[in-house]
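Work through these exercises with the model open. Each task comes with a stepwise solution.

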Amino acid sequence: MPPTSNNDLAAVKSYLLGLQDSICAALEAEDGGGRFREDAWERAEGGGGRTRVLADGSVFEKAGVAFSHVHGNQLPPSASAHRPELAGKGWEALGVSVVVHPRNPYVPTAHMNVRMFSAKGNPPTEGPSSSGCTPDSAATKRASPGEATFWFGGGFDLTPFYGFTEDAVHWHRTARAAVAPSGDGIYPRLKKSCDEYFFLRHRGEARGIGGLFFDDFNELGFERSFALARSVGDAFLEAYRPLVARRKATPYGERERQFQLYRRGRYVEFNLVWDRGTLFGLQSGGRTESILMSLPPAVRWDYGWQPEPGSPEARLAEDFLRPRDWAAL
């Protein structure tokens with residue numbers, strides 16, 4: 001595997017900055033009144049970023065779109081867990097993370113992330129990556145000491161409060177089309193990885209209806225792995241914006257609002273207990289405000305609450321929070 005070059009990192013950074021701009025512009029247009037406030041920051045250990053948050057909009061109660069480009073001398077444990085040979089090595093990470101918490105309970109919450117890591121040291125040994133894909137020979141050839149290795153990660157997932165089959169089908173078909181150029185077997189692997197990753201093990205339930213998830217991904221080489229990451233980033237608005245437009249004017253009352261706040265509690269639990277991105281940010285000395293940007297502005301927990309049998313709230317868990325091949329429906 002050839003080392004990443006400054007030009008490679010520059011191309012990734014340029015793409016990510018443009019992606020942040022385009023997503024912010026589209027969400028502002030969909031909201032119709034809310035505007036993102038930008039908070040540029042620097043990290044004492046190296047690097048920085050720009051965090052943009054839209055709060056109290058007409059459609060979006062809170063939306064965050066954050067870009068970061070940070071580096072350090074020791075890779076945090078959360079990033080080297082699958083690559084022990086890189087533990088303690090110098091590293092560089094850049095990415096864009098998006099979380100949208102709509103006001104209307106009939107509009108689903110959405111998350112998207114695209115990122116790249118580069119670390120000094122030997123690449124991974126032969127074996128499957130956490131994306132579920134098996135590296136080819138080029139990706140498994142051991143590099144000389146000091147050579148840089150890279151990997152991409154990211155994906156997008158949907159967290160509805162009230163399920164609609166047509167929305168789930170659109171979301172997953174868009175995801176399938178986005179990664180199709182990377183190979184016939186990529187979509188089922190990345191979908192399975194998403195179903196398995198966004199799962200609250202302490203609750204025994206899925207966070208939402210899934211989508212795409214990949215990490216430690218470099219088996220296609222730099223250019224094609226970067227192309228996969230771009231496809232995911234570019235497809236997010238195509239997957240999500242039609243759902244917002246379709247549901248944002250749906251009438252709702254206090255019952256739907258309270259259920260939305262209750263289900264947001266699951267979102268918070270996942271991000272604080274299981275999410276590796278949150279853990280990496282905190283372990284690497286990241287900016288806490290930006291790391292916790294993903295949390296919703298209002299949430300509730302009710303002890304032992306259960307939905308009424310046969311209700312729309314019960315249908316969410318019974319019909320939607322289970323892995324299904326939505327794209328095939």
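**Exercise 1. Describe how α4 and α6 cross and pack.**

Step 1. α4 passes α6 in a right-handed crossing. (A crossing is right-handed if the near helix is turned clockwise from the far one by less than a right angle, left-handed if anticlockwise. Helices are DSSP runs of H or I, at least four residues, and strands are runs of E, at least two, numbered from the N terminus.)

Step 2. This is a predicted model: local features need pLDDT of at least 70, side-chain atom pairs count only at pLDDT 80 or more, and totals for chains, interfaces and linings use all residues. Residues are numbered from 1 along each chain as its sequence is written, and side-chain values use heavy atoms, without hydrogens or water.

Step 3. Take the geometry. Helix α4 (residues 165-179) packs against α6 at an angle of about 160°, with the axes 8 Å apart. (Axes are lines fitted to C-alpha atoms, for helices over the stretch in contact; angles run from 0 to 180 degrees between N-to-C directions.) That makes α4 roughly antiparallel to α6, a class for angles over 145 degrees.

Step 4. List the partners. In α4 they include His170, Trp171 and Thr174; in α6 they include Phe236, Tyr240 and Leu243. (Contact means heavy atoms within 4.5 Å.)

**Exercise 2. Which residues have the most contacts inside the largest nonpolar core?**

Step 1. Define the core: buried Ala, Val, Leu, Ile, Met, Phe, Trp, Tyr and Cys residues joined through side-chain atoms within 4.5 Å. Buried means under 20% relative accessible area, exposed over 50%, partly exposed in between (1.4 Å probe, protein chains only).

Step 2. The largest such core has 63 residues, and Phe60, Phe152, Phe156, Trp171, Phe236 and Tyr240 have the most contacts inside it. Helix α6 (residues 221-247) gives the largest share, eleven residues.

Step 3. Check Tyr240. Its contacts include Phe60, Leu158 and Trp171, not counting residues up to four places away in sequence.

Step 4. Another core, of ten residues, lies apart from the largest one; Leu86, Trp91, Phe117 and Phe280 are among its members.

**Exercise 3. Asp56 and Asp216: where does each lie, and is each buried or exposed?**

Step 1. Asp56 sits in the loop between β2 (47-55) and β3 (60-72). Its phi is positive, about 55°, although Asp56 is not a glycine. Asp56 is exposed, at 63% relative accessible area.

Step 2. Asp216 belongs to strand β9 (residues 210-217). Its phi is also positive, near 50°. Asp216 counts as buried, at 7% relative accessibility.

Conventions
Angles under 35 degrees count as roughly parallel, over 145 as roughly antiparallel, 65 to 115 as roughly perpendicular and the rest as oblique.
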